Every structure is written in C-alpha cells, then in structure tokens.
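Biologist: I would like to learn how to read a model like this one, feature by feature. Please show me where to start.

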Amino acid sequence: MKSVPAIRVSGVTKRFGSLQALGGVDLEIQQGEFFGLLGHNGAGKTTLISSLAGLSRPDGGTLEIMGHDVQRDYRAARLALGVVPQELVFDPFFSVREMLRIQSGYFGIRNNDDWIDELLHHLDLTAKAEANMRMLSGGMKRRALVAQALVHRPPVIVLDEPTAGVDVGLRQGLWQFIRKLNQEGHTIVLTTHYLEEAETLCGRIAMLKAGKVVALDSTANLLQRFARRVLEVTLAAPLSLPPALAARVLKQDGLHFTFGFEAYDEVAGLLAALAAAGGHIHDMNLGKPDLEQVFMGVMNQN
Amino acid sequence: MEGFKTLLYKECLRFWKVGFQTVLSPVLTAVLYLLIFGHVLDGHVEPLPGVAYTSFLVPGLVMMTILQNAFANSSSSLIQSKITGNIVFVLLPPISYREFYAAYVLASIARALLCGLGVLLVSLPFASFPFAEPGWILAFSLVGGAFLGSLGVIAGIWADKFDQLAAFQNFLIMPLTMLSGVFYSIHSLPPFWLGVSHFNPFFFMIDGFRYGFFGASDVSPWMSIGVVSVCFVALALLTLRLLARGYKLRA
C-alpha cells in the first residue's frame with residue numbers, strides 16, 4: 001500500500017485583488033522526498049507555502065499535510081509541519097533558548113531542552129543560546145529560525161529561501177544538517193534562488209510561473225529533457241561563418257560565440273568546420289547542462 | 001492547552017521584561033495626577049458627600065490605569081508582532097483562535113491588575129476609604145480589563161501602522177476614559193453631558209468600581225455591571241468572529 005503523501009495540493013487557487021497568485025496548483029510530494037520549488041519572485045512559491053502553513057487561506061482547492069487538511073484538521077496538520085519563513089523575523093524580547101522553549105510550548109511540548117540543545121549544536125548556535133535574538137548576526141538569526149521550525153520534530157519541513165544571506169561555510173553546515181534530517185526520513189521542501197543548490201540537493205523539482213506549475217519532474221529528467229549542451233568559443237579574429245555553422249549559433253557577443261548541439265559526438269565536427277572556415281580559437285569552453293539553463297528554458301517556453 | 005498556557009506565559013513575560021515602561025510608568029503617571037489634582041482640589045470639591053476629593057479620585061485613577069493598560073498590552077503586543085513579522089510564530093503552531101484570544105486578553109488583565117494594584121498601593125497614604133464592597137472592586141476590574149483587552153486585540157489586528165494604533169488610543173480610549181467620571185461625579189455636569197455620559201461604557205466601569213470602595217455611586221452597581229458585561233460579551237463575540245475569519249492575520 002502506498003503511504004500517505006507528505007504534501008498533497010489539489011486545485012489550489014488564490015487571488016489578491018487583480019493578481020492571480022495561484023491558478024490551480026496540483027502537487028503531490030511523497031514522504032522522504034527532498035523537493036525543490038522554483039520560480040521567479042512573485043511566481044506564487046511563498047503564497048503556496050503560506051497556504052500550506054495556514055497563514056493564507058486559498059480561494060479554492062485543498063491542501064493536506066500527512067493526510068491532514070490544513071483547514072479542517074489544522075491542529076494535526078500544523079503539528080506535522082515545520083516552516084522556516086523567508087523573512088528574517090525574530091522576537092526581540094527573548095533569548096535564543098527562551099524563544100525555543102516558548103516555541104516548543106506552542107506545539108504542546110514541555111521540557112524540550114535535550115532536543116533544543118541538539119538543535120543548537122547542529123546549527124552552531126550553542127554559544128549564543130543565552131544571547132538575546134537582537135544580538136545575533138543575520139546568518140545566526142536565519143539558523144535560529146531553522147531551529148525554531150524544528151522544535152516539534154515535524155515530519156515535513158518547508159524552507160523558504162533558507163540560505164539567503166548565509167555565508168558559504170555556514171551554508172554548507174546548514175545543508176549537511178538538512179540532508180541528515182532528510183536521511184532520517186523527514187520530507188524537505190525547499191525554495192531557493194541558488195539553482196545549483198537545488199540541483200545538488202533536490203531529487204524532484206517543480207517550477208512555478210504566474211501561479212501555475214509549468215514543470216514537475218525528477219531533477220535528472222529535467223536536466224536531460226530541457227538542457228542544451230553548448231560549446232562556447234572565443235575567436236582570435238573576426239570571421240564570417242559559413243551558413244552551416246551560423247545556423248548553430250545560439251548567441252554571439254563580438255568574438256564570443258555560443259554553439260548549441262545535441263550530443264557530444266557533434267563537437268569534433270563543429271571544431272573542424274570552424275577550422276576549415278579559417279577560424280583561430282583563442283579560448284574554448286564546453287558547457288554542461290545545468291539547472292539554470294533548464295530554468296530559463298522552461299520560463300521562456302511558457 | 002499547553003499552547004494556550006505558553007502563549008499566556010509569553011505575553012506576561014513580554015510586558016514583565018519591560019516593566020519600567022509597562023508597569024512603573026503608568027503607576028507614576030497616575031500618582032502625578034493624584035498629587036496635582038489632590039493638591040489643587042482637596043477641600044474645594046466634594047463629589048461624594050463626606051468623601052475627600054483625593055479619596056474620591058484614587059479609585060477613578062486606579063480604574064483608568066487598569067483600562068488603559070489592558071488596552072495597551074494586547075494592542076501593542078499584536079502590532080509589534082505584526083510589524084516585526086514574528087506574529088507567524090503564533091500563527092504556525094496548533095493554537096486555536098479561541099486560545100489565541102483568551103491568552104491575549106488574560107495577559108492584558110494581568111498587566112492591568114498589576115498596574116492598578118501599584119497605583120492603589122502608592123496612593124494609600126494619601127487617601128482613605130472603607131473598601132465597602134471588595135467583591136465589586138474585583139468584578140469591575142476583571143470585566144473592565146477584559147473589555148479593554150479585547151478592544152486592544154481588535155485595534156492591534158486592525159492597525160497596520162503604529163500611527164493608526166496611536167490614533168485609536170488617543171482619539172477613542174483616552175477621551176472615553178478621561179470623560180467617564182475619573183476626576184468628577186457626572187452629577188456635576190450640565191444635563192446634556194450628564195445624558196451623554198450614560199452612553200459611555202467607561203463611565204459604568206468607573207462608577208461601579210468606585211462603588212466597591214465607598215458603597216455609594218452615581219448609578220446602581222447592578223446596573224453598571226449589567227451594562228459593562230453586555231458590552232464585553234458583544235465585543236468578545238465580535239473579536240472572536242474576526243479571529244475566526246482570520247481578519248488581517250491569515251490573509
């Protein structure tokens with residue numbers, strides 16, 4: 001028997017005045033997935049997350065967390081969900097530990113200090129446990145938000161751009177921890193603007209545009225399907241290309257040409273044609289398909 | 001229940017951590033009123049027969065402090081949380097809107113009673129009253145605190161800016177409390193304003209509260225508690241409806 005999906009979104013619509021923030025979103029994320037939600041600013045990612053978290057009420061459709069409807073069965077749904085908000089919000093009245101104890105209490109948990117200590121350790125915040133939230137740097141506040149979302153050990157964790165403003169070293173540490181949680185069985189949903197992060201971490205990806213899912217597949221399939229292989233060449237001197245070569249130019253910027261091709265076998269032919277036309281290569285680069293190309297391709301297609 | 005208890009605890013801890021601003025300042029303000037008006041008016045006016053003006057004034061100031069601080073607590077906590085964005089921390093957990101309401105209103109009452117008690121204790125050396133009916137004192141402070149705490153929840157949720165909240169406080173709460181018979185007996189007013197005062201629920205709160213101290217008042221305490229309770233229940237229902245709808249909190 002198939003287990004209950006971690007997240008099920010069916011036909012969700014949401015309108016803010018004349019803006020259609022979500023235009024009928026359907027999405028199913030299985031337990032244990034590391035899932036990426038990508039899209040430009042204003043594509044509806046945060047509205048979708050807010051609807052999952054009960055912070056926003058959709059106009060139509062239903063949302064479930066671990067089989068619990070987020071409106072009708074909100075207590076169970078919220079217990080199963082941990083959200084790291086996008087904005088760097090904090091309560092200036094409390095220390096990190098006080099804040100985590102209070103947050104535990106909101107979720108009905110008393111005496112949570114063992115888990116709080118573990119969270120602080122993994123997020124490199126132990127030294128700041130008694131510091132007031134105001135005294136934390138931006139990166140620390142971000143990690144405190146992660147800790148806050150995890151106080152009740154939710155099976156489903158949503159991170160809305162968790163690495164914005166976190167420096168590289170700490171970002172690595174954060175991902176290591178999130179990966180560990182994923183390996184332990186937590187479902188992770190991530191939105192990010194760092195596409196290379198999504199490419200390395202996420203097993204499956206949905207792309208949102210103007211409130212609609214425009215691509216939904218495993219990361220490998222997306223790369224396979226949408227990404228073009230490219231050969232970037234900088235010539236030593238200007239050259240007028242023969243028509244056969246000119247047809248393959250995707251982009252030209254002065255002496256810098258970008259050629260597209262389907263299979264690596266074609267590269268030798270391309271280079272030979274270039275040499276035959278009298279071109280001298282000053283610099284060359286073979287572009288691997290990456291998620292950024294996929295993303296741009298999907299966004300421009302739809 | 002744990003969520004509700006934690007929210008109540010957090011709301012009390014919040015004002016307690018800035019006690020200078022939330023408890024001591026209002027006590028000092030009330031005592032300054034007492035010293036100045038007492039000095040000017042003691043021996044000149046006697047709003048209740050046989051009661052010195054300062055003694056008459058103290059219950060009014062205590063109740064005014066209760067009302068203003070009950071309003072200030074829920075409203076300022078909510079607007080701060082909204083503007084800084086940390087309101088999400090209370091909206092994400094499994095806390096029902098009823099628990100949310102109860103926690104904010106009870107914390108308002110807690111701060112209000114603490115401030116009121118502070119004013120009363122500091123004023124004791126300047127005044128004397130028989131504490132005729134302590135039950136009424138308690139009843140009116142609780143219902144009055146709950147009424148204003150509830151109004152504070154509405155104002156805190158409605159206001160998008162501190163400026164709007166300040167307008168609510170300064171153009172509604174302040175005049176209604178100041179003009180409710182804190183400093184005078186409404187029987188000293190011209191008939192028109194005497195009539196108008198009967199439409200001010202704050203008048204009934206102050207008058208009933210004062211009855212508890214002296215066993216004498218402008219209107220019967222039963223009438224006052226009736227008016228105040230009906231107003232509170234109506235306001236509580238309105239606030240709960242707004243919260244249930246997610247008004248301005250869950251877009």
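Biologist: How many residues does helix α10 of chain B have, and how far does it reach from its first C-alpha to its last?

Modeller: Keep in mind that this is a predicted model. Helix α10 of chain B covers residues 221–245, which is 25 residues. From first C-alpha to last it reaches 36 Å, close to the 36 Å expected at 1.5 Å a residue.

Biologist: Which residues of α10(B) are buried?

Modeller: The general idea first. An α-helix has 3.6 residues a turn, so residues three or four places apart point the same way. In this case the buried residues of α10(B) are Pro221(B), Ser224(B), Val228(B), Phe232(B), Thr239(B) and Leu243(B).

Biologist: What do the buried residues of α10(B) pack against?

Modeller: They pack against three helices of chain B: α5 (97–123), α6 (134–158) and α9 (201–214). Just after α10(B) comes Gly246(B), with a positive phi of about 80°.

Biologist: Let us turn to chain A. How many helices and strands does chain A have?

Modeller: Chain A has eleven helices and 14 strands. Its C-alpha atoms fill a box of roughly 75 × 45 × 45 Å along the principal axes. Of the 302 residues in chain A, 39% are buried.

Biologist: How do I read a sheet, and what is the order of strands in the open sheet of six strands in chain A?

Modeller: Think about the faces before the order. In a regular strand the side chains alternate between the two faces of the sheet. Here the order in chain A is β6-β7-β8-β3-β9-β10, and the pairing is mixed. At the edges are β6 (81–84) and β10 of chain A, each of which pairs on one side only. Neighbouring strands in this sheet are turned by 15° against each other on average, direction ignored.

Biologist: Does β9(A) run parallel or antiparallel to strand β3 of chain A?

Modeller: Strand β3 (residues 34–38) of chain A and β9(A) run parallel, joined by four bridges. One partner pair is Phe35(A) with Arg204(A) in β9(A). Helix α11 (residues 291–301) of chain A packs on the sheet and touches β3, β9 and β10 of chain A. The direction of α11 makes about 40° with that of β9(A).

Biologist: In which sense do β9(A) and β10(A) pair?

Modeller: Antiparallel, over six bridges. Arg204(A) has Ser218(A) as its bridge partner in β10(A). β9(A) and β10(A) form a hairpin with two residues between them, and Ala210(A) in the turn has a positive phi of about 45°.

Biologist: Into which domains is chain A divided?

Modeller: Chain A has domain 1 (7–224) and domain 2 (227–289 + 296–301). Their centres, taken over C-alpha atoms, are 41 Å apart. Six residues from domain 1 of chain A and four residues from domain 2 of chain A make the contact. On the domain 1 side, β9 (204–209) and β10 (212–218) of chain A are the elements that give two or more residues. That side has four nonpolar, one polar and one charged residues.

Biologist: Last, the two chains. How many residues does each of chain A and chain B give to their contact?

Modeller: The size of an interface is often given as the accessible area lost when the parts come together. Counted by residues, the contact takes 24 from chain A and 21 from chain B. On the chain B side, α1 (2–17) and α4 (88–91) each supply at least two residues. α1(B) gives the most, with seven residues. The chain B side divides into ten nonpolar, six polar and five charged residues.

Key:
Residues numbered from 1 in each chain as written. Chains lettered and ligands numbered in written order. Predicted model: local features only at pLDDT ≥ 70, side-chain atom pairs only at ≥ 80, totals over all residues. Contact = placed C-beta atoms within 7 Å. Nonpolar A, V, L, I, M, F, W, Y, C, P; charged D, E, K, R; others polar. Domains from an automatic or database assignment. Pairing = 2+ DSSP bridges. Axes fitted to C-alpha atoms, helices over the stretch in contact; angles between N-to-C directions. Expected span 1.5 Å × (residues − 1). Buried ≥ 20, exposed ≤ 12 C-beta atoms within 10 Å, placed from the backbone.
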